[in-house]
Amino acid sequence: MAKNKAGKAGGHVTIGCDVGDRFIQVCVLTADGKVASSEAVRTTPAAVTKWLGAFAEAHLVLEAGTHSPWLVGLFEDAGHRVTVANPRAVTLIWKSDSKRDVSDAEKLARLLLSMTCHNEL
């Protein structure tokens, strides 16, 4: 991913976050839907803030849960757009037989990218 003068990834990215108590599995998609990165970030304010510093402009999506209030605050304070999904409304994930954090983060990111491309959000 190209970096701008401030050292941050240039261009808009869409990020799906599957949040757990110890780690957040994130999937970063470029504007054309390619996976730019997939990694686990510790579920702490310091780790999330450090990780967010790599992005100039992002739209993040996560499911509502225990950690979503403080994560939304961190994301918004860093200047990013945030969408919080109702876990029961995201049937692509909760009805899936595969409950893998990596694939759930990518599904959230792809769903958000698809919806924003069609101006449904």
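Buried means under 20% relative accessible area. By that cut-off, 38% of the 121 residues of this protein count as buried. The model shown is predicted.

Figure 1. Starting at the N terminus, the order of elements is β-β-β-α-β-α-β-α-α. The accessible surface comes to about 6700 Å². Carbon and sulfur atoms hold 53% of that surface. Now take the contacts between residues at least 6 apart in sequence: 47% of them join residues at least 24 apart.

**Figure 2. Helix α1 crosses helix α2.** Two packed helices are described by the angle between their axes and the distance between the axes. Here α1 spans residues 45–52, and α2 spans residues 68–77. Their axes come within 10 Å and cross at roughly 30°. The crossing is right-handed.

Figure 3. From α1 come Pro 45, Val 48, Thr 49 and Leu 52. They meet Trp 70, Leu 71, Leu 74 and Phe 75 of α2.

**Figure 4. Cys 17 and Cys 27 are in no disulfide.** The structure holds zero disulfides. For Cys 17, the nearest cysteine sulfur is that of Cys 27, 9.7 Å away. A disulfide needs the two sulfur atoms within 2.5 Å. Is Cys 17 buried or exposed? Cys 17 has a relative accessible area of 1%, so this residue is buried. Cys 27 also counts as buried, at 1% relative accessibility.

Note on methods
Residues are numbered from 1 along each chain as its sequence is written. This is a predicted model: local features need pLDDT of at least 70, side-chain atom pairs count only at pLDDT 80 or more; totals for chains, interfaces and linings use all residues. Side-chain values use heavy atoms; hydrogens and water are left out. Axes are lines fitted to C-alpha atoms, for helices over the stretch in contact, and angles run from 0 to 180 degrees between N-to-C directions. Helices (H or I, at least four residues) and strands (E, at least two) are DSSP runs, numbered from the N terminus. A crossing is left-handed if the near helix is turned anticlockwise from the far one by less than a right angle, and right-handed if clockwise. Contact means heavy atoms within 4.5 Å. Buried means under 20% relative accessible area, exposed over 50%, partly exposed in between (1.4 Å probe, protein chains only). Accessible areas come from the Shrake-Rupley method with a 1.4 Å probe; for residues, only the protein chains shown count as cover.
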